[in-house]
Amino acid sequence: MAVAVWGSTWSPLNTFFRQLEADFQRQPARRFVPAADVTKDGNDLVVTLALPGVDVDKDVDVTVTEGRLTITGRHTDTRESSGSNGVLSREIHSGEFRRQFAIPRDVTAERVEADYDKGLLKVRVREVVRQAVEPAKIQIRNTAPALESTEAK
């Protein structure tokens, strides 16, 4: 009677799982973080996010709360390719994103507008930038008694 070694019958399956684990370790984590530009337009603050292919009506929210402008959403990227041998490959990557920006605490939703055009979400916060005040020198009051001179008289 032949004795079979337990591991030898599972060798192809073990090889498959080791290869799968190695592929996951080599694959960088795909996280969608939209690029953002923050600019000043007159007295307005303008935040522009690159959101190509995102359905902003369904997948993006813009909120203002206690000194924070928050933009959250979901991004789904589908890629298809077909080889010369007729094999179709489809990959779907999806994930959520969140970007926050500090704004003055007194800003309410009435002063915020958001427009989406050609893959760019522009959020305008009206009248955020206040005129700079010129620095003023403050006179120091010295109430300590003056020190007497130590010079010889």
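User: In which sense do strand S2 and strand S7 pair, and over how many bridges?

Analyst: Keep in mind that this is a predicted model. Strand S2 covers residues 44-50 and strand S7 covers residues 120-125. They pair in the antiparallel sense, over six bridges.

User: Which residue in S7 is the bridge partner of Leu-49?

Analyst: Leu-121 is the bridge partner of Leu-49.

User: In what order do the four strands of the open sheet lie?

Analyst: Read the order across the sheet: S1-S2-S7-S6. The pairing is antiparallel.

User: Which strands are the edge strands?

Analyst: Look for strands that pair on one side only. Here they are strand S1 (36-41) and strand S6 (112-117). From one strand to the next, the twist averages 20°.

User: Now the side chains. How many salt bridges does the structure hold?

Analyst: The criterion is a side-chain nitrogen of Lys or Arg within 4 Å of a carboxyl oxygen of Asp or Glu. The structure holds four salt bridges. One of them joins Arg-124 and Asp-41, at 3.0 Å from N to O.

User: Why does the pair of Arg-124 and Asp-41 tie together parts that are apart in sequence?

Analyst: Check where each residue lies. Arg-124 is in strand S7 and Asp-41 is in strand S1, so their pair ties together parts 83 residues apart in sequence. Asp-44 belongs to this picture too: salt bridges with shared partners join Asp-41, Asp-44 and Arg-124 into one network.

User: How exposed is Arg-124, and how exposed is Asp-41?

Analyst: Partly exposed lies between buried, under 20% relative accessible area, and exposed, over 50%. Arg-124 has 25%, so it counts as partly exposed. Asp-41 is also partly exposed, at 40%.

User: What is the N to O distance in the salt bridge of Glu-96 and Arg-74?

Analyst: Their side chains meet at 3.9 Å, N to O. Glu-96 lies in strand S5 (residues 88-102) and Arg-74 in strand S4 (residues 68-82), so this pair ties together parts 22 residues apart in sequence. Glu-96 is exposed, at 62% relative accessibility. Arg-74 is partly exposed, at 36%.

User: With which residue does Glu-113 form a salt bridge?

Analyst: With Arg-126; the closest N and O atoms are 2.9 Å apart. Glu-113 is in strand S6, while Arg-126 is in the segment after S7. The two are 13 residues apart, and the pair links distant parts of the chain.

User: What is the relative accessibility of Glu-113, and what is the relative accessible area of Arg-126?

Analyst: Glu-113 has 38% and counts as partly exposed. Arg-126 has 28% and is partly exposed.

Definitions and conventions
Residues are numbered from 1 along each chain as its sequence is written. This is a predicted model: local features need pLDDT of at least 70, side-chain atom pairs count only at pLDDT 80 or more; totals for chains, interfaces and linings use all residues. Side-chain values use heavy atoms; hydrogens and water are left out. Two strands pair if DSSP finds at least two bridges between them. Axes are lines fitted to C-alpha atoms, for helices over the stretch in contact, and angles run from 0 to 180 degrees between N-to-C directions. Buried means under 20% relative accessible area, exposed over 50%, partly exposed in between (1.4 Å probe, protein chains only).
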